[in-house]
Amino acid sequence: MPSLPPPIWAELFFGGAWNGITRDLRQTSAVTASRGLSAESFAAAEPTTTECTLDNRGHDYSPRNAKSRLRGLIGRNTPFRWGYRVGSPWAEFAGGLGSDAIQTPDSAALDIAGDFDLRVDMALEDWSESQMICLRYVPSANACWALEMVNGFPTFLWSPDGTFASRIDQTATAELKAHNGRRLALRVTLDIDNGAGGYELRFYTGRTVDDEEWDLLGEPITGSSTTSVFTGTAELEFGHGSSFNALPSGGTLNRMRGKAFALKLLNGIAGTVAVAMSVAAATPGGTSFTDATGLVWTKQGSAVFSNKHIRMAGEVPAWPPTRDLSGNDTYTQITPTGISRRMDAGNKPQDSALLRYIKAQGPIECWPLTDGSSSTVGTSLVGGSNMRQKIDAAVDTPVEFGAGRLADWIEPVIAVKPDSTGRFIGTVPVSSSAASKWSVDLFLRGGGNESAGGVVIRDRGAGTDADNAIEFFLVFNGNLDTLATLWTAVGETSAPQSLLTAGSPANIYDEGLHHIRLTMDPGVSTTAWEMYTDGVLLDSGTIPVVVKAVSTIDLRFGFLTVANQTMTERGFGYITYWDGTGPSAADMWGAATGFPGERAGARIERLATESGYTASTSGELAHQQLMGVQDRKKLLQLLNESSLTNFGYLLERRDALEVIHRSHSTLWNQPPALTLDFSAGLISAPFKPADDDKLTENDVSVSRAGGAVPVRAVLESGELSVQDFPAGAGRYDNAYTYSLYTDDQAANVAYMRLHLGTYNGVRYTRITLDLANPRVFQMIDAILRLDVGDMLRLTNVPEDHGPDDVDVLVQGYTEEAGPQSWKITLNCVPAEPWTAFVASSDRYSRADTNGSSLNAALTSSATSMSVATAAGNTVWVDSTGYAAEFPFDVRVGGVSGEVVRVTAVSGTSSPQTFTVVRGVNGVRIAHDPAEDVRLAHPVYIPL
């Protein structure tokens, strides 16, 4: 039963550990938190925030108090977290090479030799990490089966005869892409005889082990022969194997790191339940429990049964000392926030994608040449020697800093004016690692039809006959469209230059951004070399000398200028020196061009990593939007740009100082995370249904940043069309610009916004749950699992709201826990638009008509109706030719009309006769001719 105040706990991180401060958390005032979006609009989420009051009569929470016990331990942005100890427990495992697990001894219930169906409910701290999940596997003679995660891919191993040698292992064909800490159900089914002489293995994801609809992960995997699963006498272990923790390819596999909630094992695919284990049956802090099938599970190692929910993890930006007027009561009101607050601090835009990428990869040396206009040297990015100009006043002209342009999204670099000459020389640091392999990069723009200098790279040879210095001269020749490279062995005795490559065609003189890379890979007596332009191999070969690491890089311009040739202004920058562990030429070119075509989730993760944060993404990569050129904006702007382009949510992780992105693909076709019966008194004030035009958009224009003309999507007919009332709602137009890879994507985005903006129904903008209400408290586990992006279903809503159940998506929430109340108010938007077509699905594969209506009046008692399909549209399936497609539900009379169940359709041309069961949604009324007839539950083509 609930009680007030709720069982709150709080902790601060200092001294290398989390320290409890619950005793100082004032129970006389509420702890509040907000997360996600505070409004209905499709926009960026605000940083998560919390407000609470700490008792400070001992002055420990005053960092500037010299006598504070916490002096030097707490300060600005001290990590903080709070939550509840309430509800059902789970098993928590530390991972690594420990022995954390829960296990049950061998029993007859575990022996499944035929078709196999395993389901596990868990939350991994890092879904991309290789780790053991669950198993019955002792390699010597009891090798039954094992489920592992290998680099983000579920992998299933089984043995037909119990030996390790005969094991079979298969890995999912698609990565299970989930953000860190996300809870979900993973299912694996093995059909040992698929009827075609082989077996079939499938992986699925879902929300719980009891789901009826599952999402297939990757493609089914078939074997060339039938198989079986050895039964044996091994125990069933969840979290680690006491005798087996190995990758299929060999090597030690970490134990599971995260939380285990449930495991279900069925004899046959969707067959008889053999094991139904839920850790909810355990006691927090206990050591064992009995599951619903009578099996006893015991914890191993340092595993714990815990119900310690983390409701917010953030940082304390300030410690304001506060006291009452008497001075007898001192307290501190703190407002911890999520880490996105710091990401948005200041007004400085992020470095270009190229500069950020180079910094993150750790070069031996880099001179970006992006110094200010008054500079005279190129500053080293890594703190090494500056690159300096060598000027002969009689013939040379200084470069202009800050005046050159490689691309709009890259910082200004040096500009070399037409008909000017000069040199830039830089000495690179000594690097033993570069002796085995090195690369030098240069970025440039401009040049025209000219022959104007190049780059001289000298190795660390002494320049004597006994120890030659090898020089490489990359010669720019726009007149011949070549990047000729010469090499010379420099010693006391002069040596002629030799041609390394003519480098043709170079394709780098067209006034666009370009990239040059030279790579040397020394062997015993020769050196292999490669020349790249714009990330692509231009030429390669070997030379009969052993090249050493680089000593100097010399940029030269104008020395080979030929009279009467056209020379344009040139920009040079980002001269970078790598050892053999540096990024590929293709990756450097990708960074220079702003990573166009990068998946939205991948961009979020990369941007965060480059800035020292942790980010992870839910949603398969193949379904994520392709991003356009990464511009120079603030970090949080770039992250939100990617999230909004992907029609997802960017949030702080609720239980850790990390950023997560929930992709649009995770929003479609969700099972309800929570079902609320309005008539049961489960919803409290404030309850704010709305039936207005706030989110209406029926004329949408979308442009691709830097792309072609905008794409326009307009709803021309229907209740919410651009036509004036009563034919429509009037025009609601908006224009948007998105970072997109192709112009074709703009059309998809425009129609997606139109789709979301023309939902025709009541919106439930605020849903409040009073956790102090005993009826609501019974649902505490589901409520505390509920998060931004989850779907919630309302049943038995008031008659004036419409006849159907209502599905909403949670966009955000506010939470209040204190002596007087314990409430969560959910900010919601309609979920019905997020119902997607899925081929071969029993529920989501039926296409709607594009125009059907009653051919004649329908009385309230009639059990058949005549339906006409508009000319040019496909008629409805008939029950003679498509008996397996029946029954299905249609709605008559628009969004607030009657739902009828169609049990048969006669006729194969319009009009057709439907045999129906009336009043499926509780409405049974008479209908006029020409009233609309549509699927009751339509599906849409996803983004």
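**View 1. Asp111 is partly exposed, with a relative accessible area of 31%.** Partly exposed lies between buried (under 20% relative accessible area) and exposed (over 50%), using a 1.4 Å probe and protein chains only. The model is predicted: local features need pLDDT of at least 70, side-chain atom pairs count only at pLDDT 80 or more, and totals for chains, interfaces and linings use all residues. Residues are numbered from 1 along each chain as its sequence is written, and side-chain values use heavy atoms, without hydrogens and water. Asp111 forms a salt bridge with Arg136, with the closest N and O atoms 3.5 Å apart. A salt bridge puts a side-chain nitrogen of Lys or Arg within 4 Å of a carboxyl oxygen of Asp or Glu. Arg136 is buried, at 1% relative accessibility.

**View 2. Asp117 pairs with Arg119 in a salt bridge.** The closest N and O atoms are 3.2 Å apart. Asp117 is buried at 0% relative accessibility. Arg119 is buried too, at 6%.

**View 3. Asp554 and Arg423 meet through their side chains in a salt bridge.** The N to O distance is 2.4 Å. Asp554 lies in strand 38 (residues 550-557) and Arg423 in strand 29 (residues 422-427), so the pair ties together parts 131 residues apart in sequence. Strands are DSSP runs of E, at least two residues, numbered from the N terminus. Asp554 counts as buried, at 4% relative accessibility.

**View 4. Salt bridges link Arg356, Glu598, Arg603, Arg606 and Glu610 in a network.** A search of the whole structure finds 51 salt bridges.

Notes. Helix = DSSP H or I, 4+ residues; strand = E, 2+ residues; numbered from the N terminus.
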